[in-house]
Number of protein chains: 4
Amino acid sequence: MCGILGVYNSENASYYTYLGLFALQHRGQEGAGIASMKNNEIKLKKNLGLVQEIFPDEKSLESLEGRIAIGGNRYSTINASGVESIQPLVFSLHNNKKIATVHNGNISNYKSLRQQLEKKGSIFQTDIDSEIFAHLIARAKGKKLQTKIKNSFQKIIGAYSLVIMAEDELIAIRDPWGFRPLQLGKKDDSYIISSETCGFDIMDAKDVRDIEPGEIVTIGKNGVTSQFLESKPSSSCIFEYIYFARPDSRVLGKNFDKYRRQLGKNLAIEHPVEADMIISVPDSGNTAALGYAQEIGIPYDIGLIRNHYVGRTFIKPSQTIRDLSVKKKLNPVSGLIEGKRIVIVDDSIVRGTTMKKLTRILRENGVKEIHVRISSPPIEYPCYYGMDFPTQEELFVHNPAIRENKDMLSAMERHLDVESLRYLSLDGLLASVPSNGYCTSCFTGKYPTAIEF
Amino acid sequence: MCGILGVYNSENASYYTYLGLFALQHRGQEGAGIASMKNNEIKLKKNLGLVQEIFPDEKSLESLEGRIAIGGNRYSTINASGVESIQPLVFSLHNNKKIATVHNGNISNYKSLRQQLEKKGSIFQTDIDSEIFAHLIARAKGKKLQTKIKNSFQKIIGAYSLVIMAEDELIAIRDPWGFRPLQLGKKDDSYIISSETCGFDIMDAKDVRDIEPGEIVTIGKNGVTSQFLESKPSSSCIFEYIYFARPDSRVLGKNFDKYRRQLGKNLAIEHPVEADMIISVPDSGNTAALGYAQEIGIPYDIGLIRNHYVGRTFIKPSQTIRDLSVKKKLNPVSGLIEGKRIVIVDDSIVRGTTMKKLTRILRENGVKEIHVRISSPPIEYPCYYGMDFPTQEELFVHNPAIRENKDMLSAMERHLDVESLRYLSLDGLLASVPSNGYCTSCFTGKYPTAIEF
Amino acid sequence: MCGILGVYNSENASYYTYLGLFALQHRGQEGAGIASMKNNEIKLKKNLGLVQEIFPDEKSLESLEGRIAIGGNRYSTINASGVESIQPLVFSLHNNKKIATVHNGNISNYKSLRQQLEKKGSIFQTDIDSEIFAHLIARAKGKKLQTKIKNSFQKIIGAYSLVIMAEDELIAIRDPWGFRPLQLGKKDDSYIISSETCGFDIMDAKDVRDIEPGEIVTIGKNGVTSQFLESKPSSSCIFEYIYFARPDSRVLGKNFDKYRRQLGKNLAIEHPVEADMIISVPDSGNTAALGYAQEIGIPYDIGLIRNHYVGRTFIKPSQTIRDLSVKKKLNPVSGLIEGKRIVIVDDSIVRGTTMKKLTRILRENGVKEIHVRISSPPIEYPCYYGMDFPTQEELFVHNPAIRENKDMLSAMERHLDVESLRYLSLDGLLASVPSNGYCTSCFTGKYPTAIEF
Amino acid sequence: MCGILGVYNSENASYYTYLGLFALQHRGQEGAGIASMKNNEIKLKKNLGLVQEIFPDEKSLESLEGRIAIGGNRYSTINASGVESIQPLVFSLHNNKKIATVHNGNISNYKSLRQQLEKKGSIFQTDIDSEIFAHLIARAKGKKLQTKIKNSFQKIIGAYSLVIMAEDELIAIRDPWGFRPLQLGKKDDSYIISSETCGFDIMDAKDVRDIEPGEIVTIGKNGVTSQFLESKPSSSCIFEYIYFARPDSRVLGKNFDKYRRQLGKNLAIEHPVEADMIISVPDSGNTAALGYAQEIGIPYDIGLIRNHYVGRTFIKPSQTIRDLSVKKKLNPVSGLIEGKRIVIVDDSIVRGTTMKKLTRILRENGVKEIHVRISSPPIEYPCYYGMDFPTQEELFVHNPAIRENKDMLSAMERHLDVESLRYLSLDGLLASVPSNGYCTSCFTGKYPTAIEF
């Protein structure tokens, strides 16, 4: 996952981009970068780290001059050798035309596209998808950038939300399936492109609208114009609703909070239980837990305290300290939960290791009954569209101790040592979100596109 | 404020100290340090920054050898020139006896003690209180360290919880008024001293007990022994219950969460209101808001999303961007609150600037009625015992726009542009916490000790 | 200018590369990098700064595994945005074949080559020449890398010494004019490529030979093999003899020291003068000054002390300190030179500002007569082959105060306030170095190749 | 060793201190610091590293306001835990009187002075001598600082040149033996104190005079005044003449270069030899080698090239590379010295390891005869006055392979594998320097003061 942002026509373009990346930090903590444009010159600053670490003071933004800027947060740098894989990337096309790109997503036919390009003499300097975009544009027919994009992006299969900064334009493209979100906003005379609307809120910009699947939006001197790639079946990533997007971000004019709360309500309807208290795994389970509590009429409470100072570095216990269950991130409010029947709500279970640690801690603190409720179905398949799930073997449901049982749910309950574990059904999930076509491949294994391995 | 921690008799003394400081990070984010002792040699590592920044990897703890270690987080470095003011401090006494100290609090008669010492030829290298402790010990009668402490600390007036690491002992002292908390814990054969019990939880240590006001605890080869300074009227800082301590920390065996929830309940009893929803200012108002909601029977909800990546550095808008209300820290869930009558609960109002920003943001998002409820009385007086309040003039109730009104509460409501603002009464506050003697001087101006200006 | 180095077949390949870059540090102080290869995976580490700053400890080399490595020092990053312009560069060609490149020099037909490539759809990510090499290879005919190079490098006009690391080979190419030096060395079973032989000495490797102009050397499992590009008139950069190469480096088996000393001797024959003492501008003028002194029979002495701690950062005097002639780099031995007739020898005068400062300092210290002797002709033309001279207007001889005089030499003497200034003649220069074809374009304006502006 | 500097009455006090420390960098490379004073407030900035690393830009000096400043370079931090041992130190005396100190030297009776002070209740925070000075001042009789110094410093035995910055004065003290140098200079209306005159030259200040042994110089509103401690036998460190001071620095109005050249001349008179060439170990042997060459009439030449980029960090060869004689610092000009009879001159031999490496390298490069000439007597005893010699056992003459021989000189020659090795005699040494009383204890074992072990 990544968070991407673009600003058009502002004397504070790079500052607004900084603000936007800051609001989108949850979409990527490994690295960030900003590129700005002035007189066909692109200035770039990027590094590993949080937005605040890379841009610690005004001086750090000084060189990023110009009225157009784009930026990106990077989620993970797996298979990537350091800062080279941080976005934006900058390219120079024919006649010294400079472009910079940031994107969010994962191209499904990356390998065959790359091989085709290499056969024609293209060379690659990174392993990230953005180079494919640039190579396709460089070789496409047409004079204007939009035409080149329209003519060449047809062959790209997969998930991509992309922002390109060119001489005097900002271009935003969302793949025809609409896997990843992309929003258009406006602040005074400036236009903003952002992965989520929280990128608008931080700078007091207003939502304009969702960018459509397959849409190529060009923002330039003539305002905002659109072209479209050939349409495909709508396949929005449903995990944005379950976990990824910030609850205060909006889609189609409504907060994700609203849908996430409905997930909790439907979960309560499908899987009610008698209990003393509903708690959440903070912060991912908060909204669904509130919905569950409201629907079922049992009080919501804060049973786990999150340490907000947990960053990326944490020294692990050495082997001489074997059994230390370091409660660095979550600590229970022991007096509150002792002797109680607890429902603990989270959005999903990926590997199961965190949930197992949590249930053990709850037991140690005298909880009488533990009922785990998950506001989505079990994750059974890997994501090929940009969500950073582990390999299939590492997923909770593929744990041999669970997989080999007839009654997998009971096996899971035993593994977690809980009185009950229940997942929201796929139907319950789809009933909670706006009616639309979704990619639910991580639950069903039905991938909207062909995948190259 | 500061967080302090000591570990006695562990081969992982500095690692456990690191863990403890990590759990106590909320008590001080400006700097941190750890000192460890081996064969009368003290190794010290300290710097400005968060615990994780100063100790990013195992290598950073490597030099801190020994079975005893102490550490401290520092809240603020006002009046202090950089790293020199970070704790621990290390001193060498007669016969090359090395000691290291960390403390939390503020000595009321610092100036006169310092002048007396300087007159006798003592020199000072910092402006922090710990030097006073060391000088008094160096000049005290008696052979053993505890005797010297008992003989000389009688003259210290004010708030201090102090941990001293000496050759083969760990000594913990809490001032006779008991202003600041100090806890004794145990993990296997090791003893732990910590400002709060959350410092024990992170390393799976068990609570033993509160260290008593005036108690000098010596942990050495002969186990734990105690001596006492002359007793004073109990004056525990009540603000630890209202805001400062982590809700999952325990005092007298009960979570602070329990008392903070009672504050909310009593606030609801004193100042009920008709509304659609109770929200909190996260995270400081969370528990009191839950108590308020439970007592009054209106649903608690999450109306403000906190950006957890906010650190110490943030580039402010330049003057060219005048009216930008940067929502870097809190963003409302607009759809949830629009058109609603909202009760917003927080623990206290200090300057009033944050609350004013928040109520403005709520208004902009279409909230119909705003009722502010504060789970403590108005702060009217400065704290001389270590709480980092601003000067009296900067306090909300001393704002000229408010102070000059007959009906201050109405003036406050107008200033914040809210339908109602109510504070918990002092009686309601005292009824919520364990029966004990408290320092409530920030509300009443009645200081338990003489103060030197 | 740059220093480049490659190591083939050593378990310490990256360490030897580090050593070599260290010895070649004088060829570039702005940045450095090392790439190593193992199982077709290339690891890269590069940054701005000195070799020692980028590789401060063993850990910094740890990730650079493999038996082949290349590295480069970069002289200047003009027109280049930071670390992106540091070498090596890494590219991926067809079938995931990885290559890394470092080069020294300047391509004369860079712009037209780039335009041709861009027209065909190539995209560029940097402004440095190495991308041209990679693009040409990617599009060249032939199966083997050497064949591709032979088939495509024919079109490159200009100066380049290039080392390429490919799957299991190290390839070194020197342009057909032989502008920049390139040496082949051997250490046990390993082969080394280096800009200068001082890169061999530091690791106890032995000189094998100069790589020939136009030669493509392939070092692989079958040992060392050679192919040749079409030959061109020999045009070795004569400035390597005058200034750039380290005096302890060897060319054609002889130290540069030998030739540089001969420059001083011929300078003495052409421009003798009566004086008390010969001093040099350390360290650039040292060897020529010794030669001058030996030929003319006047004692050589050390009249200027160089501060060896001068690095890249130095805080300049503010405008409030107007007349401060900061002697940060050179300080005269006042007692030695006072009242004396001094000959001061340097290798060249570029802008004239340093020499003017020096003669002023000598005057202030009571020198009776100053005779400046330069061991090369006046620099009158810019270098298009990689030497980092300023623009023509900034050259000393193009200073308006000098240029507009009939007798330029007298004008120069007046400008520098010296009794005499004499340059070695072009004939005297050519008579001092091995008989060979040289590029002397900076003195004559006769460029061996066409130049694109 | 250390370099110390003070500036009185300049609006650029901290900048001039920075310049001076830069010129004195050869006296200490481990760390540096600057303290400045304004309105009785002292600002301090210090760290490990070179002056340029600690003060990389104007911003780094910004906070150091005021018209008085002092600074120091630190040579070594043995026995010292990091930045705490870097100078200046800052102390607060009675009535909040702030002082800052920097010193160069070593107190002989440190231990007994410290014990006396500790008995009286003083506490120490570092192990460096400067704390003794501050404690003595704090306890001394008298009102004015100079009086306190005069009354208390009488008990200090040993080497110290000290600069103190107090409210509106700069005080410089040189111990009564005059072990370490200290100079007074003037620039316009400002006074400068510096370890060496090269600290004046860099800022265009003029020499005023040497500060006398036992002199307490006070620079204040009434100009420069002096008091004196009780006189002792003059014992200037003769090693400043042999090696430590920069050759361009002056003592008693003459350059050290002059005396160092005389050492070479007297060495030639005592130990002539037939040879083809005189070379030096750069840069320490340069001036003596020139003197030797001039006296004996054999040409001086540059046979070893020094790599000036050698800093403090250098990755050593791993154990898998056994016999690698890394020529990181010095590389021979092989063609020049091959087949020649060489005299190599250096100032001293400490451990002998560097000289042994050098003679091996010379042999490997085909030198026919090697004659080592040392411009001082053999170092046989440790220095207790601040020179950072190793323990006696590590000294070259105490090497068991040498010590156990009747004819030690022959044993040394065999060890170094040279045709001859000769040292300048003590008489020859004393005849080369100004007539004065010197400490020659490292050669003779006769220490001018009692030493505490």
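Does D:Glu274 count as buried or exposed, and at what relative accessibility? In this predicted model, D:Glu274 counts as exposed because its relative accessibility is 64%, and the cut-off for that class is over 50%. The side chain of D:Glu274 meets that of D:Arg341 in a salt bridge, with 3.6 Å from N to O. The two partners belong to distant parts of the chain, since D:Glu274 sits in the loop between helix H9 (256-270) and strand E17 (277-280) of chain D, whereas D:Arg341 lies in strand E20 (residues 341-346) of chain D, 67 residues apart. With a relative accessibility of 21%, D:Arg341 counts as partly exposed.

A further salt bridge in chain D joins D:Arg363 to D:Asp417, whose closest N and O atoms are 3.5 Å apart. This pair also links distant parts of the chain, for D:Arg363 is in helix H12 (residues 353-364) of chain D and D:Asp417 is in the loop between helix H14 (408-416) and strand E22 (420-423) of chain D, 54 residues apart. Both residues are partly exposed, D:Arg363 with a relative accessible area of 23% and D:Asp417 with 44%. In chain A, salt bridges that share partners bring A:Arg27, A:Arg180, A:Glu196 and A:Glu240 together in one network. Over all chains, the count of salt bridges comes to 86.

Some salt bridges cross from one chain to another. Between chain C and chain D there are 2 of them. In one, C:Asp301 pairs with D:Arg261, the closest N and O atoms being 2.5 Å apart; in another, D:Asp301 pairs with C:Arg261, again with 2.5 Å between the closest N and O atoms. The latter pair runs from the loop between helix H10 (286-296) and strand E18 (304-306) of chain D, where D:Asp301 is found, to helix H9 of chain C, which holds C:Arg261. Both D:Asp301 and C:Arg261 are buried.

We can now turn to the whole interface around these pairs. The contact takes 66 residues from chain C and 66 residues from chain D, and the area buried between the two chains is about 5,200 Å², of which 54% comes from carbon and sulfur atoms. Three residues, C:Gln52, C:Tyr309 and C:Ile315, supply 14% of the area that chain C buries against chain D, which is more than any other three residues give. The count between these chains also includes 14 residue pairs in polar contact, both residues being at pLDDT 80 or more. Several elements give two or more residues to the side of chain C that touches chain D, among them helix H1 (13-23), helix H9 (256-270) and strand E18 (304-306) of chain C. The largest share, 6 residues, comes from H1(C), and by class this side of chain C divides into 29 nonpolar, 19 polar and 18 charged residues.

How are the two copies placed relative to each other? A rotation of 180° with 0.0 Å of shift along its axis superposes chain C on chain D, with an RMSD of 0.0 Å, and that is the relation of a two-fold axis. Of the residues of chain C, C:His308 comes closest to the rotation axis, with its C-alpha at 3.2 Å. The copies meet through the same surface, because 100% of the interface residues of chain C are also interface residues in chain D.

Chain A and chain B form an interface as well, in which 66 residues of chain A are in contact with 66 residues of chain B. No contact joins chain B and chain C, whose closest C-alpha atoms lie 12 Å apart.

How values were computed: Residues numbered from 1 in each chain as written. Chains lettered and ligands numbered in written order. Predicted model: local features only at pLDDT ≥ 70, side-chain atom pairs only at ≥ 80, totals over all residues. Heavy atoms only, no water. Contact = heavy atoms within 4.5 Å. Buried area = accessible area lost by both parts, 1.4 Å probe. Salt bridge = Lys/Arg side-chain N within 4 Å of Asp/Glu carboxyl O. Polar contact = N/O pair within 3.5 Å; in protein donor to acceptor, adjacent residues only side chain to side chain. Helix = DSSP H or I, 4+ residues; strand = E, 2+ residues; numbered from the N terminus. Nonpolar A, V, L, I, M, F, W, Y, C, P; charged D, E, K, R; others polar. Least-squares fit on C-alpha atoms with pLDDT ≥ 70 in both. Buried < 20%, exposed > 50% of the residue type's maximum accessible area, 1.4 Å probe, protein only.
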